[in-house]
Amino acid sequence: MILTALSDGSAMWVCMPAWQGDPRTCGQWEGYIPMEYKIAAHTDVGIKKKTNQDSVLVKIAQTDRGRVCLASVCDGMGGLARGELASATAVRFLTDWFEHEFPDLLYQGLSMEVLEDRWTDLIYGINRRISTYGRMAHMDLGTTVVILLLVDRTYYIANVGDSRVYLLQDDLRQLTKDQTFVQQEMDEGRMTPEEARRDSRRNVLLQCVGASEEIVPEFRSGQITPDSIFLLCSDGFRHVISTEEIYEYLSPRRLFQEATMQEGLEYLTELDKYRRESDNISAVLIRCD
């Protein structure tokens with residue numbers, strides 16, 4: 001499935017057909033119980049901007065190894081012209097990679113090392129395409145890119161910018177690290193988390209795809225346990241709500257069905273708007289059972 005934010009703040013879902021199994025691996029997974037996913041996604045233009053510069057991607061494929069899931073949130077740069085074009089370009093590249101390159105990669109043998117090489121090349125390609133367009137059009141544009149891939153019982157993450165991936169189990173854990181000025185200041189001990197939340201420079205990125213000459217993605221992988229929920233979100237989703245509120249409304253102890261997952265995302269989005277969040281707001285929830 002794909003959910004792509006459009007410039008008017010609406011969204012579009014597209015279903016993806018199943019892949020054919022690879023005869024080299026058929027029978028290899030007998031007795032294996034595949035992970036099942038429940039999905040919810042929501043994007044909102046917000047209360048201030050005229051266009052939604054976020055793009056959100058969720059794709060599911062049925063393989064002989066069970067279902068695999070790719071999700072991404074790309075936040076087009078708010079102060080840069082045509083940020084929605086930059087984020088949509090990233091989503092198109094990711095879609096093409098998942099449909100045409102990933103199937104062979106899956107059956108050849110998947111590892112974080114292999115994915116780091118492939119995703120680095122992919123992100124560099126997105127960066128070149130966006131920056132080339134910007135030079136030709138005489139405009140600045142860029143996007144964050146956070147990617148989550150779920151295969152078997154392993155998650156894989158790539159991140160550039162300040163969109164985030166959280167893991168909700170008995171608590172809420174942030175799996176990505178913001179590539180921002182305030183995060184750098186916290187790392188150096190010059191700013192506390194509370195100061196960072198209030199600082200006017202909290203949206204200043206150290207790198208973003210399309211607007212940076214050099215890109216150094218962050219990578220991470222880990223094991224998935226049943227009854228876990230992954231949350232991907234743009235910074236507009238989490239600026240004015242606390243991690244305690246996120247966990248209260250999106251806890252795996254509370255959300256068991258896609259309908260209630262969707263309600264949780266929409267409630268927190270409306271809470272963002274009530275508290276006068278000025279950015280676009282986008283989030284994806286994936287429950288693993």
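1. Start with the helix pair: the axes of α7 (residues 243-250) and α8 (residues 258-274) come within 9 Å and cross at roughly 150°. That crossing angle makes α7 roughly antiparallel to α8, a label used for angles over 145 degrees. The axes here are lines fitted to C-alpha atoms, for helices over the stretch in contact, with angles running from 0 to 180 degrees between N-to-C directions. Helices are DSSP runs (H or I, at least four residues) and strands are too (E, at least two), numbered from the N terminus.

2. Before going on, a word on the source: this is a predicted model, where local features need pLDDT of at least 70, side-chain atom pairs count only at pLDDT 80 or more, and totals for chains, interfaces and linings use all residues. Residues are numbered from 1 along each chain as its sequence is written, and side-chain values use heavy atoms, leaving out hydrogens and water.

3. Back to the helices, and who touches whom. From α7, E245, I246, Y249 and L250 meet G264, L265, Y267, L268 and L271 of α8, contact being heavy atoms within 4.5 Å. Sorted by type, the residues of this contact are seven nonpolar, one polar and one charged; Ala, Val, Leu, Ile, Met, Phe, Trp, Tyr, Cys and Pro count as nonpolar, Asp, Glu, Lys and Arg as charged, and the others, Gly among them, as polar.

4. Now the charges. The whole structure has 18 salt bridges, each being a side-chain nitrogen of Lys or Arg within 4 Å of a carboxyl oxygen of Asp or Glu. One to look at is K38 with D289, where the closest N and O atoms are 3.0 Å apart. K38 sits in strand β3 (residues 37-44) and D289 in the segment after β12 (281-288), so this pair ties together parts that are 251 residues apart in sequence.

5. For the cut-offs, buried means under 20% relative accessible area, exposed over 50%, and partly exposed in between (1.4 Å probe, protein chains only).

6. D289 has another partner: its side chain meets that of R287 in a salt bridge (2.9 Å, N to O). R287 counts as buried, at 2% relative accessibility. Through shared partners, salt bridges join K38, D227, R287 and D289 into one network.

7. Last, check D178 and R164, a salt bridge with its closest N and O atoms 2.6 Å apart. D178 lies in the loop between β9 (172-174) and α4 (181-187), and R164 in strand β8 (residues 164-168), 14 residues apart. Both D178 and R164 are buried.

Definitions and conventions: Parallel < 35°, antiparallel > 145°, perpendicular 65-115°, else oblique.
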